[in-house]
Amino acid sequence: MGYLQGFAVTLRKLFKGTETGRVVTSQYPDEKRPKPERFHGRHVLNRYEDGMEKCIGCELCAGVCPARCIYVRGADNQPDDPVSPGERYGYVYEINYLRCIHCDLCVEACPTEAITESKLFEFSFTDRADAIYTKDELVVDDDGRPQQLPWEHWNPGDDQHTSAWVRATSPSGRADYEGRVAWSGELGYGIRAPERGQSAGDESPADYDQEDLGGGHH
């Protein structure tokens, strides 16, 4: 009798969506649901608007990673041909996706906003070596978009705003900083508009003038 009751629940739910017009099933992979603003997908290494890399090889992301999946080695910039605005840059940068748990602590730890997680998540490997993304594969191209690798499945638009994971507030989440830009200019996107605060009486992003936008290297 218990089995029949279980099947009855299934049958009721099977036709309920059709009757109410609230079908929640999406025809994946032809149809994809919109992803949250802070979706934790595969990483990208961002660049400033002038093309310089944001990573300075400080290794803080590797130090904070609980899965020990990030390997970074810094090197000194050549004065006549610098890679980043600082004294050093990320000479080696690798992420092992067989270990990564997408906790996003690396993003929080990065002092220059170099690493962010994108909305790309559909990738699989037939070779374990492919699961280790190198710096050449992680750094965005000249348009500010990620490199598409052979084992990644992209739909139109998946390569846009892939570094949209930004801090909504200042460190420690102080409401005083909600709605204000705290993110430097980014190749391909410029200075992103601030997010609306979550506290009562917050001003909208449009209420801030250009002086609030900041940006540039820091």
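Trainee: Is Tyr133 buried or exposed?

Mentor: Tyr133 is buried, with a relative accessibility of 0%. Buried means under 20% relative accessible area, exposed means over 50%, and partly exposed lies in between, using a 1.4 Å probe and protein chains only.

Trainee: And what should I know about the model itself?

Mentor: This is a predicted model, in which local features need pLDDT of at least 70 and side-chain atom pairs count only at pLDDT 80 or more, while totals for chains, interfaces and linings use all residues. Residues are numbered from 1 along each chain as its sequence is written, and side-chain values use heavy atoms, with hydrogens and water left out.

Trainee: Which residues is Tyr133 in contact with, leaving aside its neighbours within four places in sequence?

Mentor: Among them are Arg42, Tyr93, Ile95, Phe125, Leu138, Trp151 and Glu152. Contact here means heavy atoms within 4.5 Å.

Trainee: Which residues form the aromatic cluster?

Mentor: One aromatic cluster is formed by Tyr97, Phe123, Phe125, Tyr133 and Trp151. Within the chain, nine aromatic pairs are counted. The rule is that rings of Phe, Tyr and Trp (its six-membered ring) pair if their centres lie within 6.5 Å; planes under 30 degrees apart are stacked, those over 60 are edge-to-face, and the rest are tilted. Tyr89 and Tyr91 make an edge-to-face pair, 6.4 Å from centre to centre with 80° between the planes. Phe125 and Tyr133 also pair edge-to-face, at 6.4 Å centre to centre and 80° between the planes.

Trainee: How accessible is Tyr89?

Mentor: Tyr89 is buried, at 14% relative accessibility.

Trainee: Changing topic: how many helices and strands are in the chain?

Mentor: The chain has four helices and five strands. Helices (H or I, at least four residues) and strands (E, at least two) are DSSP runs numbered from the N terminus. Read from the N terminus, the order is α-β-α-β-β-α-β-β-α.

Trainee: How much of the chain counts as buried?

Mentor: Of its 218 residues, 39% count as buried.

Trainee: Which residues have the most contacts inside the largest nonpolar core?

Mentor: They are Ile70, Tyr93, Ile95, Tyr97, Ile115, Tyr133 and Leu138, in a core of 23 residues. Helix H2 (60-64), strand E2 (70-76), strand E3 (88-96) and helix H3 (105-109) are the elements that give two or more residues to this core. A nonpolar core is a set of buried Ala, Val, Leu, Ile, Met, Phe, Trp, Tyr and Cys residues joined through side-chain atoms within 4.5 Å.

Trainee: Where does Leu45 lie?

Mentor: Leu45 is in strand E1 (residues 43-45), and at 4% relative accessibility it is buried. Beyond its neighbours within four places in sequence, Leu45 is in contact with residues including Tyr93, Ile115 and Leu138.

Trainee: What about Arg42, where is its place?

Mentor: Arg42 is in the loop between helix H1 (2-20) and E1. Arg42 is buried, at 0% relative accessibility. The side chain of Arg42 makes a polar contact with the side chain of Glu152, at 3.0 Å. A polar contact is a pair of N or O atoms within 3.5 Å; within protein, one must be able to donate a hydrogen and the other to accept it, and residues adjacent in sequence count only if both atoms are side-chain atoms.

Trainee: Where is Ser118 found?

Mentor: Ser118 is in the loop between strand E4 (115-117) and strand E5 (132-133). Ser118 is buried, with a relative accessible area of 0%. A polar atom of its side chain lies 3.1 Å from the backbone nitrogen of Leu120. Leaving aside neighbours within four places in sequence, Ser118 is in contact with residues including Phe39, Arg42 and Thr162.

Trainee: Last topic: how many disulfides are counted?

Mentor: The count is zero, where a disulfide is a pair of cysteine sulfur atoms within 2.5 Å.
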